[in-house]
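Visitor: I would like a quick tour of this structure. Please keep it brisk.

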Amino acid sequence: MSIVRETNETGVTERPEPTGPWSAVIAGTGHAVPDKVMTNADLEKLVDTSDEWITERTGMKERRITADGEAASDLALRAAHRALDDAGLTPADLDLIIVGTVTGDMLFPSTACVLQAKLGARNIAAMDVSAGCSGFIYALSTARHFIAAGTYRNVLVVGVEVLSRITDWTDRGTCVLLGDGAGAAIVRRAPPGPQGILADFLAADGTRGPDLYMPAGGSAIPATAQSVQQRLHYLKMNGNAIFKVAVRSMAEAFNRLVRSARVKAEDINLLIPHQANLRIIQAVARTLHFPEKKVFINIEKYANTSSATTIIALDEARRKGLVHVGDLVMLVAFGAGLTWGGVLIRW
Ligand code: ACO
């Protein structure tokens, strides 16, 4: 057994290091969005739509669009530096990087590896997780279990998307919904205690993959002049079918987390759902009889940034002073796969 040395105002103490399971505590968060704002009025110039339709049906007013020459790793880098600063750490302190994304810089190497290089981190493990809009939840759960097992101490978890690069700007059914952004969290190993991630829940239904997908660009349909002509390198979605699954699956994640952490639903201080549609969020709250005033919503500013929505929202909520020590904060999401899940955190 190794010995932990701790220095405080009363001197140096030594104690045996616990063997776990360790707590996974969120030690810092950060987010970054591109400067360029695209409003509903801007979209009116591109497709047959209106500010009224978008606002009424989705709650979205504007979204951010990444500048030419920038990629997912650039947004991720900015978010990661903010999270590291918040945690009081440097890239040298990290020992794992996990990036949730479906719009990474390229198919390979992973965006986590690109980010590792840009951060100047050591030769630590780095990997991407592909779980659509649930990407950050999947990545955070993975970090939690590596930490609980005692494998790693400081994990950088990122949710980042540059959806504008796979958006069909002639399809009004999807282009009004999407935006770009990144969020990051530092998950730190701590001795077992009341704080940290209390529960996680992950699920998927691969039979529903074609409801939300990008057909070409992989090994099934490699890029050809024909695949480009047929517009197969853009996100395709069956919006109505997804809507129903979204409500059901996020409500399921909420109930599973409450049960497995043995807490009461009314004790949840802040619910941060995936920001895909204001009506979906409101339907989830209604289904759960959960007060809407305890649900964090920022969809009007950024639209749907896929795997980045929940971590951008968590960072904003913290910076607005909405998260206090001892609070129960829950993130739930659903997305391409189809995937869904959630994480319950005691702050
Ligand atoms: N502007 C104006 N009219 C539109 C637009 C638009 N942007 N888009 C669709 N319409 C029209 C339709 O053509 C249809 O017209 P019709 O009645 O003449 O046929 C009418 O509006 C109603 O269309 P619906 O699809 O029934 O509209 P609905 O109220 O269901 O809203 C939406 C559509 C917003 C897509 C909704 O179904 C939704 O949010 N679904 C879930 C989307 C989602 O969460 N996707 C997952 C995330 S995407 C990702 O992973 C990155």
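**Ligand, salt bridges and sheets**

Guide: An oxygen atom of the ligand is 2.8 Å from an N or O atom in the side chain of Asn 240. That is a polar contact, defined as a pair of N or O atoms within 3.5 Å; within protein, one must be able to donate a hydrogen and the other to accept it, and residues adjacent in sequence count only if both atoms are side-chain atoms. This is a predicted model, where local features need pLDDT of at least 70 and side-chain atom pairs pLDDT 80 or more, while totals for chains, interfaces and linings use all residues. Residues are numbered from 1 along each chain as its sequence is written, and side-chain values use heavy atoms, without hydrogens and water.

Visitor: Which residues come nearest to the ligand?

Guide: A residue is near if one of its heavy atoms lies within 4 Å of the molecule. There are 25 residues around the ligand, and those that come nearest are Thr 49, Arg 57, Asn 240, Asn 277 and Arg 279.

Visitor: How far is a polar side-chain atom of Arg 57 from an oxygen atom of the ligand?

Guide: Arginine 279 also has a side-chain N or O atom by a ligand oxygen, at 2.9 Å. For the polar side-chain atom of Arg 57, the distance to a ligand oxygen is 2.7 Å.

Visitor: How many salt bridges does a search of the whole structure find?

Guide: Side chains of opposite charge can pair when their charged atoms come close. A salt bridge here is a side-chain nitrogen of Lys or Arg within 4 Å of a carboxyl oxygen of Asp or Glu. Over the whole structure, the search finds 12.

Visitor: Which residue forms a salt bridge with Asp 74?

Guide: The closest N and O atoms of the pair are 2.9 Å apart, and the partner of Asp 74 is Lys 118. The pair links distant parts of the chain, 44 residues apart: Asp 74 is in helix α3 (residues 72–87), and Lys 118 is in helix α4 (residues 111–119). Helices (H or I, at least four residues) and strands (E, at least two) are DSSP runs, numbered from the N terminus. So the partner in α4 is Lys 118.

Visitor: Is Asp 168 buried or exposed?

Guide: The side chains of Asp 168 and Arg 231 meet in a salt bridge, 2.9 Å from N to O. Buried means under 20% relative accessible area, exposed over 50%, and partly exposed in between (1.4 Å probe, protein chains only). Arg 231 is at 33%, so it counts as partly exposed. Asp 168 has a relative accessible area of 7%, so it is buried.

Visitor: What are the edge strands of the sheet of 5 strands?

Guide: Two strands pair if DSSP finds at least two bridges between them. This open sheet has mixed pairing and the order β3-β9-β8-β6-β7. Each edge strand pairs on one side only; they are β3 (23–32) and β7 (125–129).

Visitor: At what angle to β3 does helix α11 run?

Guide: Axes are lines fitted to C-alpha atoms, for helices over the stretch in contact (heavy atoms within 4.5 Å), and angles run from 0 to 180 degrees between N-to-C directions. Helix α11 (residues 309–319) lies across β3, β8 and β9, and its angle to β3 is about 90°.

Visitor: Which residue in β14 is the bridge partner of Ile 272?

Guide: An open sheet of 4 strands has the order β10-β15-β14-β13. In it, β13 and strand β14 (residues 328–335) pair in the parallel sense over 4 bridges. The partner of Ile 272 in β14 is Leu 331.
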